[in-house]
Amino acid sequence: YPYGVFRIPPQNRTLFIALNVPANNLGLGRMTIPVERTYGLFGSVQVTWEIYDQATLPSFVDLFLVGLGTPWPPQSQPRPSTGTKAFNFTGAANYVVYVPSSYHPNISNGFTLSCWIYPSVASNGVLIAKTNSTTSTIFYALSLVANGASFIIRFNYLPSTQTTGFQSVQTSVPTSSLAGGWHSLAVSVSGSVATMYVDGAMVTTSVLLAPPTDGVGILTVGGQLVGGQLYTGVIQDARVYPFPLNSSQIASIGNSSVGLDLFPTS
């Protein structure tokens, strides 16, 4: 662990915070949680954490935390009560974020693609994708496609019965239900079944031709190397879970009520 292992000390893992704090004594409603860095030998690092209403979410790859921007897209205002970075993708090719291969997740046991977006009525393009441009293959991709009065939420994948190319499943939601606000999108893939969620609620379940398969490729946020499809709009918390999250876990991601009850973390 050359960059360190970060942990909350045992004595600080169960803490209590006051409720119904008087307006003239807000300090009673604040809590400081120390985080220790151990084993680290190298310099500057970045650590992110969040608060959920349940503690059963598995580990995940935060694509903005480990990704490389050359350059990074302009930063945007994040969701209320959150401390992770949000980026405004303008459709420019140089704003695609690339994830080093050492951080590509193992999807052999299923996986979940998840992100928060703040779209406009014209938002369009690939949110998260892993592709191989040499063979025109899309291993997996989550896209938002503007289609007049509706948005198409599309999941592309490479079934294990194919060696190149891709297949697609999709659903649509009214444009008015997404444009102009923060919303979470997710697709959970278990075997040959893909389930799509908006704001933590299931919107459709699709049967795939075969379980998705992975291979050597480039993992990106905000566009893909096969066909471009550069995204326009704000993205926050672009993540891949190397596990098919269930409906309760995804509802926890899409539920903001815990964060709204607490001061922002930083």
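A residue counts as buried under 20% relative accessible area, as exposed over 50%, and as partly exposed in between (1.4 Å probe, protein chains only). The structure on display is a predicted model, in which local features need pLDDT of at least 70 and side-chain atom pairs count only at pLDDT 80 or more, while totals for chains, interfaces and linings use all residues. Residues are numbered from 1 along each chain as its sequence is written, and side-chain values use heavy atoms, with hydrogens and water left out.

**The whole chain**

Begin with a cartoon view of the chain, which has 3 helices and 17 strands. Helices (H or I, at least four residues) and strands (E, at least two) are DSSP runs, numbered from the N terminus. Of the 266 residues, 43% count as buried. The chain exposes about 13300 Å², and carbon and sulfur atoms supply 56% of that area; accessible areas come from the Shrake-Rupley method with a 1.4 Å probe, and for residues only the protein chains shown count as cover. Among contacts (heavy atoms within 4.5 Å) with a separation of 6 or more, 69% are between residues 24 or more positions apart.

**Stop 1: Arg7 and Glu36**

Select Arg7 and Glu36, which form a salt bridge whose closest N and O atoms are 2.9 Å apart. Arg7 lies in strand 1 (residues 5-7) and Glu36 in strand 2 (residues 36-38), so the pair ties together parts that are 29 residues apart in sequence. A salt bridge here is a side-chain nitrogen of Lys or Arg within 4 Å of a carboxyl oxygen of Asp or Glu, and a search of the whole structure finds 5 of them. Arg7 is partly exposed, with a relative accessible area of 38%; Glu36, at 28%, also counts as partly exposed.

**Stop 2**

Next, colour the open sheet of 7 strands, whose order is 4-7-16-9-10-11-12 with antiparallel pairing. Its edge strands are strand 4 (68-69) and strand 12 (167-174), each of which pairs on one side only. Two strands pair if DSSP finds at least two bridges between them. Within this sheet, strand 9 (residues 125-132) and strand 16 (residues 218-221) pair in the antiparallel sense over 4 bridges. To see one of these bridges, select Lys130 and its partner in strand 16, Leu219.

**Stop 3: strands 5, 6 and 17**

Move to strand 6 (residues 86-90), which pairs with strand 5 (residues 75-76) in the antiparallel sense over 2 bridges. Ser76 has Ala86 as its bridge partner. Strand 6 also pairs with strand 17 (residues 232-241), again in the antiparallel sense, over 5 bridges. Here Phe89 stands opposite Gly233 of strand 17.

**Stop 4**

Which residue joins its side chain to that of Gln236 through a polar contact of 3.1 Å? The partner is Thr82; a polar contact is a pair of N or O atoms within 3.5 Å, and within protein one must be able to donate a hydrogen and the other to accept it, with residues adjacent in sequence counting only if both atoms are side-chain atoms. Gln236 is buried, with a relative accessible area of 0%. Leaving aside neighbours within four places in sequence, its contacts include Phe64, Pro78, Cys115, Trp116 and Trp182.

Arg239 and Asp62 are buried. The side chains of Asp237 and Arg239 also meet in a salt bridge (3.4 Å, N to O). Salt bridges that share partners join Asp62, Arg79, Asp237 and Arg239 into one network. Asp237 is buried, with a relative accessible area of 4%.

**Stop 5: helix 2**

Select helix 2 (residues 247-254), whose buried residues are Gln249, Ile250, Ser252, Ile253 and Gly254. These residues pack against strand 8 (111-118), strand 13 (183-190), strand 14 (193-198) and strand 17. At the N-terminal end, Asn246 caps the helix: a side-chain oxygen lies 3.1 Å from the backbone nitrogen of Ser248.

**Stop 6: the nonpolar cores**

A nonpolar core is a set of buried Ala, Val, Leu, Ile, Met, Phe, Trp, Tyr and Cys residues joined through side-chain atoms within 4.5 Å. In the largest core, of 40 residues, those that touch the most other members are Leu63, Leu113, Leu127, Ile128, Leu144, Phe155 and Ile235. Apart from this core lies another, of 11 residues, among them Trp182, Val234, Ile250 and Ile253.
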